[in-house]
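Thanks for coming. I will go through one structure, starting at the ligand and then moving to the core.

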Amino acid sequence: MMPSKTVRLKIRRQDAGHRPETKRWEEFEVAWQPQMNVISALMDVQKNPVTVDKKRVAPVTWECSCLEEVCGACTMVINGKVRQSCTAMVDQLAPSGETITLEPMSKFPLVRDLIVDRSRMFDDLKKVKAWIQLDGTYELGPGPRQSSENQEEAYPLSRCMTCGCCLEACPQVNDSSKFIGPAAINQVRLFNLHPSGKMHAAERLETLMGEGGIGDCGKAQNCVEVCPKEIPLVDSIAQIGRATTKHMLFGWLLK
Ligand code: SF4
Ligand code: SF4
Ligand code: FES
């Protein structure tokens, strides 16, 4: 009888509670199934967390939600490349049964195993006011109409799922820098473009003109290459760079 096909996963693990001394690799083997993705392989590991050297260990933890590359929760480093594990197909990663390595993203605080805390991205969205402020205590009436050209420019920018791939790939995002990163800069472009969002355009630009703002981008362009939503991040950085320069030179005229 032919031996049944297996999938081998080498997983970077660390216990909860910020304990780098527990950092280790563990390897698991699970039965291959057609159309298997990394999440389904991890689910099989969870059912029977026994390593290849027959040691029963604590189940591996990871995060996922939508399973269709929309929420960003399952982002991790797979075979050295940051991406979503729900759309990482086992047959493409290991066509001849190679070992698949899984590691957590390195630019975010580690929670446990493959789970990281992406709060900094959501805090940065708050910092740049990545929303359209329409709440009021009185009737505001209809807002300005959004032209179809404006919608066309905005749509690709709006596809960001705050997954963190661009921060993981950016050399300027590191422990010794406060750089906000490309995702938040792109959101400033999105909301400053919107006919109602423009009301807070100056505040958003001013946030990016401060420490850790757009001036810290080294223009290495790694971000655009890893963005799963193909967001034109380099264009957004260039556009916002021009807008901040203009605001610095002429913004006082508008005050
Ligand atoms: S262009 Fe380079 S430095 Fe700037 S945000 Fe993208 S990866 Fe980071
Ligand atoms: S810009 Fe792209 S890579 Fe960055 S967080 Fe958004 S979707 Fe992810
Ligand atoms: S589970 Fe939502 S992007 Fe993978």
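**Around ligand 2**

By class, the shell of ligand 2 holds eleven nonpolar, two polar and one charged residues; Ala, Val, Leu, Ile, Met, Phe, Trp, Tyr, Cys and Pro count as nonpolar, Asp, Glu, Lys and Arg as charged, and the others, Gly among them, as polar. This is a predicted model, where local features need pLDDT of at least 70 and side-chain atom pairs pLDDT 80 or more, while totals for chains, interfaces and linings use all residues. Residues are numbered from 1 along each chain as its sequence is written, chains are lettered from A and ligands numbered from 1 in the order written, and side-chain values use heavy atoms, without hydrogens and water.

In total, 14 residues surround ligand 2, and the closest are Cys-160, Cys-163, Gly-164, Cys-166 and Cys-227 (a residue is near if one of its heavy atoms lies within 4 Å).

Next, the core. Which residues touch the most other members of the largest nonpolar core? Among its 39 residues, they are Val-128, Leu-167, Phe-179, Ile-180, Ile-185, Leu-208 and Ile-240. Such a core is a set of buried Ala, Val, Leu, Ile, Met, Phe, Trp, Tyr and Cys residues joined through side-chain atoms within 4.5 Å. Helix H6 gives the largest share of this core, seven residues; helices are DSSP runs (H or I, at least four residues) numbered from the N terminus.

Last, Ser-236, which is in helix H9, residues 233-250. Is Ser-236 buried or exposed? Ser-236 counts as buried because its relative accessibility is 1%, and buried means under 20% relative accessible area (1.4 Å probe, protein chains only).

Definitions and conventions:
Helices (H or I, at least four residues) and strands (E, at least two) are DSSP runs, numbered from the N terminus. Buried means under 20% relative accessible area, exposed over 50%, partly exposed in between (1.4 Å probe, protein chains only).
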